[in-house]
Amino acid sequence: MGVAVIGASMTKFGQRDAWIRELLSQAGEECLTDAGVAPDDVEHLYVSNMSSGEFEGQTGIMNLLAHDLGVLPAYSERVDQTSSSGGAGIYEAWQSVASGASEMTLLVGAEKMTHKTTGQATDIIASITHPDEYKHGVTLPSFAGMTARHYLERFDAPRESLARVAVKNHRNGVDNPKAQFQKEITMEKALESPIIADPLRLYDFCPITDGSAALMFTTEERAKEITDEYAVVSGIGGATDTHVVHERDDPTVMGGVVESSEQAYEMAGLGPDDLDVAELHDMFTILEFLQLEGIGVADQGTAWELAMDGATAKDGDLPINTSGGLKSKGHPLGASGVAQGVEIYEQLVGEAGPRQVEADTALACNVGGFGNCVITTIMEAAE
Amino acid sequence: MTLEAGMCSNGHVSYPTHPLCPECGEPQEETFDLSDRTGEVVTWTHSTATPPGVREPNTLAIVEFDITDVDGASDEFVRALGQVTTDEVETGDTVEPVYVEELRDPDAGIKVPESQDWDGYRWDPV
């Protein structure tokens, strides 16, 4: 059964006074309005979230939101797949409609993080690592540092190529009023910012963020009755890779990206050449290269060239992270994958405002852990 | 304390060990110790933003151990991650494991201290 997206919303990302309850309900309510769907019509409600218990001491948030939005007695479920919880929520929502279990499914993702210190937040996120990694004080940024060093040394890529990803995504974020940062940065600033995990510096990393995003899913048949402006989920795939990062055969290959994108392409009957725009999980600048290679847009060890020659800029051959990406839009863990879906939906229905590019086919790749789990989604504009 | 790698009946080796081989799904019934070997640094980082209870800065490296001499092993090497004893490290350096009783303060992080071991090995360049 064809699955359509008929509505989307996103709160302002950044440092918010609101707690997760308010963020969720704000995005959820706006999505109901955007889709023109009454709360009573929602049959399934999915809430993507990694760690509301650890961050805020608030659990059971799917029931909290179901009641706050008045969607009772809809089936509700919290989806946790670490940083790819949002993508996993898209997968759940797609399954719920594709299977016939629900005709109207609301997905809301959220995380509230900024009330913790950077050290505390880093520790909550690092707790996803294997105990034998965790005890060494490994963090996700330090995995990124080790991978970036290996990539630069092995493929003879210039350090500047990583900074170009940061500069590009900050540039794109200027046009996104919901982004945490709407500020351009210079190459000099990126290259001279403080070292966080050598060779990566402050501007190679996304910030700690509060925020929420939502999408409304229904059948293609019902979508046609409701609106002319909808997108179709034509391909989706999910996969895991080794939990222990150093056990991968090749440190520069994210197997979950390769596998999940192959599944998505096969379902959609498309390939990398068919993409018009993509949102990639640039939690760290190096990840944009690994995903461009993983989804087949670039050969291994060459994605850095696309950053250097501008091919991934908004006016390039394949615009990447028109939203500003996690890098400037922010990365509220459970909301990020949903927000990627919001961006590609808005691009496909022509609602991206100053960020708009010409796009009929779009891809979103949401990465959990350090590539431990990945969801790739392909959406197409309604014919 | 050992730096214990696991091996299945097909000779696949991993560090750390897993109940079932990540490569083929057979039980990892054999183990052998890496702590008396030297390894080569594959990559490293100098982390300046560390969580509570972790030394700051924290230099970390992924190290590759040659295991071509291990009876029954079909893999040629196995990798392990760990803290480095010094900030002065480069890719390709040879290191030896040195035992440390507490790699980070178990009482400072998010995990229940009793839920895991906190001792282990750091890499010392030779």
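Q: Lys and Arg count as positive and Asp and Glu as negative, while His and the chain ends are not counted; how far apart do the centres of the two sets lie in chain B?
A: Welcome to a predicted model, where local features need pLDDT of at least 70, side-chain atom pairs count only at pLDDT 80 or more, and totals for chains, interfaces and linings use all residues; side-chain values use heavy atoms, with hydrogens and water left out. Residues are numbered from 1 along each chain as its sequence is written, and chains are lettered from A and ligands numbered from 1 in the order in which they are written. The place of a charge is NZ of Lys, CZ of Arg, CG of Asp or CD of Glu. Chain B has 6 positive and 28 negative side chains, and the distance between the centres of the two sets is 7 Å.

Q: How far apart are the mean positions of the positive and negative charges of chain A?
A: In chain A there are 24 positive and 60 negative charges. Their mean positions are separated by 9 Å.

Q: What radius of gyration does chain B have?
A: Chain B has zero helices and eight strands. For its 126 residues the globule rule gives 14 Å, and the value for chain B is close to this, so the chain is as compact as a globular protein of that length. Its radius of gyration is 15 Å.

Q: What part of the residues of chain B count as buried?
A: Buried means under 20% relative accessible area, exposed over 50%, and partly exposed in between (1.4 Å probe, protein chains only). In chain A, with its 383 residues, 65% count as buried. For the 126 residues of chain B, the buried part is 47%.

Q: How many of the nine residues of helix H5 of chain A are buried?
A: The buried residues of H5(A) include Gly119(A), Thr122(A) and Ile125(A). Among the elements covering them are helix H2 (52–56), helix H7 (140–155) and helix H15 (333–349) of chain A. H5 (residues 118–126) is largely enclosed by the rest of the structure, because its buried residues number seven.

Q: Which residues does Ala74(A) touch, not counting residues up to four places away in sequence?
A: Ala74(A) sits in the loop between helix H3 (61–69) and strand E3 (75–79) of chain A, and it is buried at a relative accessible area of 14%. Its C-alpha atom is 8.8 Å from that of Asp41(A), 33 residues apart along the chain. With contact meaning heavy atoms within 4.5 Å, Ala74(A) touches Val42(A), Glu43(A) and His44(A).

Q: In which loop of chain A does Pro73(A) lie?
A: The peptide bond from Leu72(A) to Pro73(A) is cis, with omega near 5°. Pro73(A) belongs to the loop between H3 and E3.

Q: Is Asn321(A) buried or exposed?
A: Asp156(A) has a positive phi of about 55° although it is not a glycine, and at 65% relative accessibility this residue counts as exposed. Asn321(A), also not a glycine, has a positive phi near 60° and is placed in the loop between helix H13 (303–309) and helix H14 (325–329) of chain A. With a relative accessibility of 0%, Asn321(A) counts as buried.

How values were computed: Lys, Arg positive; Asp, Glu negative; His and termini not counted. Helix = DSSP H or I, 4+ residues; strand = E, 2+ residues; numbered from the N terminus. Rg over C-alpha atoms; globule rule 2.2 N^0.38 Å.
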